Amino acid sequence: MSSSTALSRRGSRLAALVVGLCWLAVLFDGLDMFVYGSVLPHMLEQKALGITPGLAGDLGSYATFGMLVGALTAGTVADRIGRKKLMVACVALFSLASGLCAVSGSVTVFGLGRTIAGVGLGGLLPTAISMVTDYARGGRGALTVGALMTAHHAGGILSAYVAKWLVEPVGWRAAFWVCVVPLLFVPVLAKAMPESLSFLVAKGRADEARELAARYEVELPAAPARKEGTDRWATLAGLFRGGEWIQTLLYWLASFGGLLLVYGVATWLPTLMRGEGYNLGSALTFVVLFNLGGIVGMLVAGRASDLPHARLRSRGGTPTGAPLISAIWFALTAVGVFLLSVHMPLALTFTVVFLTGVFLNSAQTMIYATVSLRSHSGNRATAVGWTSGMGRFGAVFGPWLGGQLLAADRGDWGFTAFALAGVSSMVFIGIAALRGSKHPAQGSPRQDLLTAS
């Protein structure tokens, strides 16, 4: 066996370790995020903590506001202190916050718990995406991000079953106690997760990088072609230099509409379906189908974005696979969400919910993949974090909007509003795909992390 082949296999094992640990962390992220929507029909029916539809929408927005704060701050912090440390802190934070929700005796305390949990949830996702992008094998960047995001929807499926098995016999608090269990994963993550090699090299921590590379018997990544700003605001300012501000704003606007759609639907789908006459078990089936569709969509979208014929070049010289797939997926999502406002036979409704899950969830993820693949290693977490963070304004607005429409007995209009958000995201990410980036085309993060292959 040649030394090149041996290094390639060792690099693959290291990539598998990183992706596996990040997958588990994002699984717990998805469980914690979706559990509120899964238990909400029961809480409304029992008037738990005095919750009304309008107040329920506000509570849903508290978590997404926390995610906004987490996403905006975590990317910058991760680029300064390291992605591993931040991931560990985020998992611990949202697990402990779920315990606060479980023991809460008032809406105020419950809302505080969901807000704190949101900070951890919002910080984990962009950090994990940056981590797996660093270690992705050549030509598989979008597929790796898509595979990671299947965990988020596996967590959504798990939340539906947790609600189905525990809420009726035990009560809604039991579901939040389950969300404390990921605290046991924290020491495992802290011990087993390696730090990003490209982060260490970009920050000039060469000794740590060499020690880590020697431990896992992989090659060191190439040093960045340019010196990255060491100040958090200098790193952020890099997203607006040389005409990049147009691309950055397009990504932010696309993410706003995408996350409005994702979290609006995720929060209110079970409740809206129960309002259509389905019992709790049947309404939760829609959550399962929606997230199963999300898993399929992540793999299909990621693979389609990475196919050679999809990696066309925009006039800016960068690959257009991921953003073009995102634009097409958002268009199909808008059609699916609008159809949910139309009364259809049950089997057809199941099919539409599944297909909507396929397109909706992966459309948003391909925005993250686009930003991550087109960013330099030194500010990748900042770029993804701020794209996610700006999108969180939409995530805050979506649950609130659904609650207001439901309180006004206009729940059917919610599907139309969410469909329009999908159309707007299609337009913005489509323009970004055609314009391209002024950064040198990277195609894959392999140019930043040169393990042998």
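Visitor: How many residues does the largest nonpolar core have, and which have the most contacts inside it?

Guide: This is a predicted model. Its largest nonpolar core has 97 residues. Those with the most contacts inside that core are C22, M87, I129, L189, M193 and I429.

Visitor: Which residues does C22 touch?

Guide: Leaving out residues up to four places away in sequence, C22 touches M87, A128, M131, V132, L148 and M193. Another core, of 28 residues, lies apart from the largest one. L59, V107, V162 and A175 are among its members.

Visitor: What makes S255 buried or exposed?

Guide: Its relative accessibility is 0%. The cut-off for buried is under 20%. S255 therefore counts as buried. S255 is found in helix 11, residues 244-275.

Visitor: Which residues does S255 touch?

Guide: Beyond four places in sequence, S255 touches Q364, I367, Y368, T387, S388 and G391. Q364 and I367 also belong to the helix 14 side of the contact with helix 13.

Visitor: How do you know whether helix 13 and helix 14 are roughly parallel or antiparallel to each other?

Guide: Look at the angle. Helix 13, residues 321-339, and helix 14, residues 346-373, pack at about 150°. Angles over 145 degrees count as roughly antiparallel. The two helices are therefore roughly antiparallel to each other. Their axes are 8 Å apart, and helix 13 passes helix 14 in a left-handed crossing.

Visitor: Which residues make that contact?

Guide: From helix 13, they include W329, F330 and L332. From helix 14, they include V358, F359 and L360. By class, the contact of helix 13 with helix 14 has 16 nonpolar residues, 7 polar and no charged.

Visitor: What is the crossing angle of helix 3 and helix 4, and what does that make them?

Guide: The axes of helix 3, residues 83-103, and helix 4, residues 107-135, cross at roughly 155°. The cut-off is over 145 degrees. That makes helix 3 roughly antiparallel to helix 4. The axes come within 8 Å. Helix 3 passes helix 4 in a left-handed crossing. The residues of this contact divide into 19 nonpolar, 5 polar and 4 charged.

Visitor: Why is V145 called buried?

Guide: V145 has a relative accessible area of 2%. Buried means under 20%, so V145 is buried. V145 is found in helix 5, residues 141-170.

Visitor: Which residues does V145 touch?

Guide: Not counting residues up to four places away in sequence, V145 touches I129, T133, T365 and A369. I129 is also one of the residues with the most contacts inside the largest nonpolar core. The C-alpha atoms of V145 and V132 are separated by 6.9 Å. V145 and V132 are 13 residues apart along the chain.

Visitor: What is the phi of K47, and where does K47 lie?

Guide: K47 has a positive phi of about 55°, although K47 is not a glycine. Most residues other than glycine have a negative phi. K47 lies in the loop between helix 1, 3-46, and helix 2, 53-81.

Terms used. Residues numbered from 1 in each chain as written. Predicted model: local features only at pLDDT ≥ 70, side-chain atom pairs only at ≥ 80, totals over all residues. Heavy atoms only, no water. Axes fitted to C-alpha atoms, helices over the stretch in contact; angles between N-to-C directions. Helix = DSSP H or I, 4+ residues; strand = E, 2+ residues; numbered from the N terminus. Parallel < 35°, antiparallel > 145°, perpendicular 65-115°, else oblique. Left-handed = near helix turned anticlockwise from the far one by under 90°. Contact = heavy atoms within 4.5 Å. Nonpolar A, V, L, I, M, F, W, Y, C, P; charged D, E, K, R; others polar. Core = buried A, V, L, I, M, F, W, Y, C linked by side-chain atoms within 4.5 Å. Buried < 20%, exposed > 50% of the residue type's maximum accessible area, 1.4 Å probe, protein only.
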